[in-house]
Amino acid sequence: WARQDFEKIVFKEDKTINEKLDIVRRSNYDVLLENWFPVFNKSQFLILDGELLVTEPAKALRDVETFLEIPHFFEKDQFYFDDDKGFMCITIPAPHCLPKSKGRAHPLVPDRLLDILYDYYRPHVRNLFQTMGINFTWPRYY
């Protein structure tokens, strides 16, 4: 999305967030998880920090393996940073990167609108962290 498209789609004319949008509601993970708690125990959920998947994919995947109680397979040396793509790729079974549709640049959003987004999502993120007993290093949410 271009920045203007993002602004027109996510923000109403008064610059408040359009909470009816699916892309907005899908990011309220605390609310989404509440629907599953009557069926599944909290211990059956693994919440991953997406940044860790981008910066340290081997660690993130080892966390998944540990959670699933399966033998560890992924090692740090199985990943490399691809300068052309601008993100991590995997070496096994052969060197491979995600397709062009992944790892794309995000629209540049003015700070004033980012502040509105952070303010909107902050209580949801805090609730998710508290409910699940996790704490990612997301300073803008504190």
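The model contains 5 salt bridges, a salt bridge being a side-chain nitrogen of Lys or Arg within 4 Å of a carboxyl oxygen of Asp or Glu. The structure is a predicted model, in which local features need pLDDT of at least 70 and side-chain atom pairs count only at pLDDT 80 or more, while totals for chains, interfaces and linings use all residues. Residues are numbered from 1 along each chain as its sequence is written, and side-chain values use heavy atoms, with hydrogens and water left out.

Arg26 is partly exposed at 45% relative accessible area (buried means under 20%, exposed over 50%, and partly exposed in between, with a 1.4 Å probe and protein chains only). Asp22 is likewise partly exposed, at 40%.

Two further pairs sit within helices (DSSP runs of H or I, at least four residues, numbered from the N terminus). In helix H5, residues 57-68, Lys59 and Asp63 are 4 residues apart, about one turn of the helix. Their closest N and O atoms lie 3.3 Å apart in a salt bridge. Lys59 is partly exposed at 41%, and Asp63 is partly exposed at 28%.

Helix H6, residues 111-132, holds Asp119 and Arg122, 3 residues apart and again about one turn of the helix. Here the side chains meet in a salt bridge with an N to O distance of 2.7 Å. Asp119 is partly exposed at 48% relative accessibility, whereas Arg122 is buried at 19%.

Methods:
Helix = DSSP H or I, 4+ residues; strand = E, 2+ residues; numbered from the N terminus.
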